[in-house]
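The questions below ask how a few of them were assigned.

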Amino acid sequence: TYAQLWRRVEALACDLMTNGIEPGDRVAILLPRSPELIVALLAVMLAGAAYVPIDPEYSHERTRHVLNDSDVRLILARRRQLELAGVAHSRPILSPDDWSQGRARF
């Protein structure tokens, strides 16, 4: 439902802010088309940040270039996806498995 979606968006936005994301920061999103992608996009915007979309189908070189060039503060991705892309990144990573499940409120 929309209420469930909004609870997940609010919870992830709180997770982002807890991890130091502030308005104007950039957050990379490396997720396939899925419900988690919608939650991630909305949560980043709710936190006041900008999202940097990275298609999981990008080449490894392209993924690394976008991450290095965009100066992101955090990456929303499944760790396995980053491993498959051969990306070793110094930014914090939040996997959908680590996201709060809708308990936080603004």
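The questions and answers that follow set computed values against definitions.

This is a predicted model, in which local features need pLDDT of at least 70, side-chain atom pairs count only at pLDDT 80 or more, and totals for chains, interfaces and linings use all residues. Residues are numbered from 1 along each chain as its sequence is written, and side-chain values use heavy atoms, with hydrogens and water left out.

Q: Why is Asp25 called buried?
A: Buried means under 20% relative accessible area, exposed over 50%, and partly exposed in between (1.4 Å probe, protein chains only). Asp25 has a relative accessible area of 13%, so Asp25 is buried.

Q: Why is Tyr51 called partly exposed?
A: The relative accessible area of Tyr51 is 34%, therefore Tyr51 counts as partly exposed. Tyr51 is placed in strand S2 (residues 50-53); strands are DSSP runs of E, at least two residues, and helices are runs of H or I, at least four, numbered from the N terminus.

Q: What makes the pair Asp25 and Arg73 a polar contact?
A: A polar contact is a pair of N or O atoms within 3.5 Å; within protein, one must be able to donate a hydrogen and the other to accept it, and residues adjacent in sequence count only if both atoms are side-chain atoms. The side chains of Asp25 and Arg73 meet at 3.2 Å, so the pair qualifies.

Q: Which backbone nitrogen does the side chain of Asp25 reach?
A: That of Glu22, at 2.7 Å.

Q: Where does Asp25 lie?
A: Asp25 is in the loop between helix H1 (2-18) and strand S1 (26-30).
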